[in-house]
Every structure is written in C-alpha cells, then in structure tokens.
Amino acid sequence: MALTTQSTLRVVLYEGANAQPLEAGDRFAALSALLEKGFAVTRVSGGRVAPHDRGSMLVLGKFAGGGSLATEGLSAETPVRFQDITGFDTNRIRESAESARAEFGAAKHGDWKPWFPVIDYDRCTNCMQCLSFCLFGVYGVDEQSKIQAQNHDNCKTNCPACSRVCPEAAIMFPKYKAGPINGDVVQNSDLGKEKMKIDISALLGGDVYSALRQRSDAAKTRFSKERDDKKALAERQKCLAKLANAGDIPIEVLMSLPSPEEIQRRAVEAKAKASAALAAQPN
Amino acid sequence: MKEAVLRKLAESGLAFDAVADLCEMSARQDSSLQRLAEGGAVKIAACFPRAVKWLFHAARADLPLDAAEVLNMRALSAEEVTAALFNPEVKPNLPEGKVTASDAPKAAAA
C-alpha cells in the first residue's frame, strides 16, 4: 500500500477541561516514550482538538473523577479511543498507543527510513536530469510535465546521488550530513561544487553504466581465465569504492545494482521518460 | 538538543504538536501538516527552513510565507530555540521564492 494511503494514528495528550494535568516530568516522559515509538503527539491544554482526517485517534488523559468530554465531529471513518492514564507509567502509556495502533490497523512507524528527495521548486528548472538519472523510478511528472518525487519508498537509503546530478542544487535530502543537500542555504561556491550537468556521465569521466558494463565484461574475461574468486571480489570492491567516492553513494546501493543489462534497460527507460516530459513542456 | 527543547515545551503550559519524524509525515502527506499550514501563524522547530518549506509543500501543505517561523535545531542552541518558541512574536523566515498554488504537484500522470 502506498505511503500516502496508509492510515495513521494520531495521539492526543489531553489536559483540558474534565482532565487532570500531568506533572511536567511525567508529561515529558510520556511524550518522549511516544515519540520514541514514532507516534505524533498533540499536547492540548484546553480548547478543541481538530479531527484526524485520515486514520484513527487516541486521546490520552487523566480522566478519572472528571466529567465527560464534549465530542463532536466524530465519525466511523475516524475512530477514536479515549484512554484514562491515571496511574499509568510510561510503559503502559506506550503500550496503550501500540495497542490502539494495532487495533485500528494504523501504519507502524520505523519500518521505513524516510529517505527521499525533496525538490526545491524555487531552484528547480524542470530540466529532467534527475528523472533521466534515477534508475529506481523515484521521479515522475505531473499532468503538466512538472518533475516530482513520486515513489519515495523506491529511493535508496543514504544515497544522495541525484542531488549531485542536479545542476541547480535543487534536490534536498534533509537527513543528509552536509549542506546544501540537507537544505542549508545554497551558496555560489556550492553551485560550482554541485554542478554536474550530466546525464550520469561525468561521475567517472564517462558514462557510469558504460563503465560498469566494461568492468563487468573485463572482469568476466579475466576471471574466467584466472578462476580466482578473491580477485574478482577485490576488483568489484575497488570499482565500487571508486564509484562510491565519486558520488558519495553508499556501497550498499552500488552492490545492490541489477545486472548491467538491466541497468541499461532502466537507463534507456528513464531517459525516454525524461525526453517525453521535456517534449511536453510548453515553450 | 531535541530532548532539551521537548523538556522545555513539556514544562510550559503551551499546546503543541510533537512529531517523531517530519520527513515521514511529509512522505505520507499527513493531514496534520495541512492542519498546521492552514492554522495561521506557526512556529516549527525542525531543521533548515528551506527543507521545511519544501517538506510541507511535498505534503501538499504549503506554509504561509508571511506567518511561519522555522527554528533550525541544526544551527541554533536549545536555549535559542526555546526562547524563540516562547516569544509571542512570529518572525517569518521561510525563503521566499516563486512558489504559488499552481506550483503544487498535481496527480501523477498515468
């Protein structure tokens, strides 16, 4: 199921009318425990709580001895559970949230590391370099042929290669270690550094896919003669290390690349998509 | 850093939303982000303003350029972040650019 259609659980820590407030230390411990498990928590000290549009809601509070809460706008589409947490320690609070998540069939956080390109449309020129570059189908275009990141979960964790390909430094990975890829302000000096106006090419002074194919072919010939698995592995590692250094691409990503033939097929497909998108752009 | 900011928030009487991972919520196009973006003036303690602006955009929840202040926990100290959060004045600091409603992603082409 696509990320955008999965149901989520929203947790509300309610300390408004008809509920006792938590001690500050308990509140911090409860919030920390819930965040640690990936839940989003709204702390409410009064007023109204907006309904959750896509999923379920768990309302935690010290309701014991209090009156009933005024509820409105609830529907079968957005189920709500109220949980009195009087006397609960942080473990029980966390368990309540986990139990509600399971009961409502909400998405489990942490199964997927959120690593995906975020496009800065202030900088993007819709040149389609990223679409042409990515072999994993992360990019696509909207109805107006405008580039967008469409398949986030296809993206390879910790790989910022497409942002290095972008001639305008318009692609961010907010979890990346350094700017401007992490979203820091783009400096002129960054543009010089980031600008690799390529169709994959300049990474290794030539076509990466071609380089991979050539090395693979050469390795096959050599290894068939030498029959030395250790040498084969060493050669592959040397090649991959060079690629990894050139583009700051995790070695795991390179190791998981498909066969040269499949790489070529995907590259042709990606280029065709980019060409079609460029052709569809208004002049 | 995050823990120190959360502790200060927890000690305050303020209402707030705390999220485990803004990137994940953006990828899910979580409706909470739309609620925040449409709720008027907002302060967000997260990472770089440029990244936050476009994470919200990716979630189809454009933040108001004139009423959103992003406090960068990668660059500011916990004290600076909490002082800014508790300051009633909102100091908008999203990078201004060409984005308009027409720039929002449309449904994917078939």
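Is the crossing of α1(A) and α2(A) right-handed or left-handed?

1. Basis. This is a predicted model, where local features need pLDDT of at least 70, side-chain atom pairs count only at pLDDT 80 or more, and totals for chains, interfaces and linings use all residues. Residues are numbered from 1 along each chain as its sequence is written, with chains lettered from A and ligands numbered from 1 in the order in which they are written.

2. Crossing. α1(A) and α2(A) cross in a right-handed sense (the near helix is turned clockwise from the far one by less than a right angle). Their axes, lines fitted to C-alpha atoms over the stretch in contact, lie 9 Å apart at an angle of about 40 degrees.

3. Contacts. Ala29(A), Ala30(A), Ala33(A) and Leu34(A) of α1(A) meet Thr90(A), Ile93(A), Arg94(A) and Ala97(A) of α2(A). Contact means C-beta atoms, placed from the backbone, within 7 Å.

4. Helix α2(A). Residues 90–104 form this helix, a DSSP run of H or I with at least four residues. Its 15 residues reach 21 Å from first C-alpha to last, close to the 21 Å expected at 1.5 Å a residue (1.5 Å times one less than the number of residues).

5. Two sides. Ile93(A), Ala97(A), Ala100(A) and Arg101(A) are the buried residues of α2(A) (20 or more other C-beta atoms within 10 Å of their own; exposed is 12 or fewer). They sit on the same side because their arc, taken from axis-to-C-beta directions, is only 100 degrees. On the other side, Asn91(A) and Ala102(A) are exposed.

Technical notes. Helices (H or I, at least four residues) and strands (E, at least two) are DSSP runs, numbered from the N terminus. Axes are lines fitted to C-alpha atoms, for helices over the stretch in contact, and angles run from 0 to 180 degrees between N-to-C directions. Two residues are in contact if their C-beta atoms, placed from the backbone, lie within 7 Å.
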